[in-house]
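Trainee: I am new to this structure. Please take a close look at one part for me: the surroundings of the ligand. Which residues come nearest to the ligand?

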Amino acid sequence: MKSVTVWVDGNTSVEVIEPKDSRAVHLTVDGKLIRTTPGKSLLEAVWNRPGIGNIPALCYHPIVQSYGACRLCTVEVEEQGRTRFVASCLYPAKEGLVVRTDTDRVRQLRKGVLELLLARCPEVKVIQDLAIEYGIEKPRFALGVQDCILCGLCVRTCRENIGRSAISLVNRGIFREVAAPFYAYELGDGCVGCGDCVYVCPTGALKLGPDGKPVLPKVHIPRPAAEGLLR
Ligand code: SF4
């Protein structure tokens, strides 16, 4: 057995007696030693510890599997003498890992991502707030009119939690969007109207319609142009 002092949040540390056969994982996040269970990602390890780590994430939700779409949760990890940048929602918490969540380089990477997101969705409040936090006044790119960041949370919760797959991400590049089967924009019988997809949407792009089923994000690329280019 050994005794370790670990932080449970930014202000509170406790002493833990670890049994010899303990499988607990200990890692240092921004200078604070924390203890977590095997199998968790870095983001999951700090998610409910206020005051430890500063990791924004738009495509993460604890009720679905992580996907690493938005890359805002990028952190710096130091392991076996090497430093690198990883998506914390996908990177496993490992014994002895040193994690830095708010360095200049990390902030610079997130700022780049946020600039693109703000250019795509300039009216989305959660992105506006993050952009201000990261010092972006105006993106250098042409402004879009989207409100969906294609994080896929709606698609994942429908499939993983509801077991329906009533919506999916279709197409590639600028034509990528959320659609119902057969490229329909109205949801059919596959949708049970549970509202889970609306609940997890981080930007408010999905809303419940009068029939209790979600209204899919508006498509802002004229359909004929899209069809011409996709042929
Ligand atoms: S409301 Fe419909 S599309 Fe949304 S999660 Fe539920 S079944 Fe899937």
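Mentor: Cys158, Ala166, Cys191, Cys194 and Cys197 come nearest, out of 16 residues around the ligand. Keep in mind that this is a predicted model. Two elements give two or more residues each to that shell: α4, residues 153-160, and α5, residues 196-200. Now sort the shell by class. Nonpolar residues number 10. Three residues are polar, and three are charged.

Stay with α4 for a moment. Is this helix mostly covered or mostly open? It is mostly covered, with six of its eight residues buried. The buried ones are Leu153, Cys154, Val155, Arg156, Thr157 and Cys158. Notice Cys158: it is on this buried list, and it is also among the residues that come nearest to the ligand. What lies over the buried part of α4? The cover includes the strands β8 (168-170) and β9 (177-179). It also includes α5, the other element that gives two or more residues to the ligand shell.

For another piece of packing, turn to helices α2 and α3. Helix α2 spans residues 104-120, and helix α3 spans residues 125-133. Their axes come within 10 Å and cross at roughly 145°. The crossing is left-handed. From α2, the contact uses Leu114, Leu117 and Leu118. From α3, Ile127, Leu130 and Ala131 take part. By class, this contact has six nonpolar residues, no polar ones and no charged ones. The ligand shell, by contrast, does have three polar and three charged residues.

Methods. Residues numbered from 1 in each chain as written. Predicted model: local features only at pLDDT ≥ 70, side-chain atom pairs only at ≥ 80, totals over all residues. Near = placed C-beta within 6 Å. Helix = DSSP H or I, 4+ residues; strand = E, 2+ residues; numbered from the N terminus. Nonpolar A, V, L, I, M, F, W, Y, C, P; charged D, E, K, R; others polar. Buried ≥ 20, exposed ≤ 12 C-beta atoms within 10 Å, placed from the backbone. Contact = placed C-beta atoms within 7 Å. Axes fitted to C-alpha atoms, helices over the stretch in contact; angles between N-to-C directions. Left-handed = near helix turned anticlockwise from the far one by under 90°.
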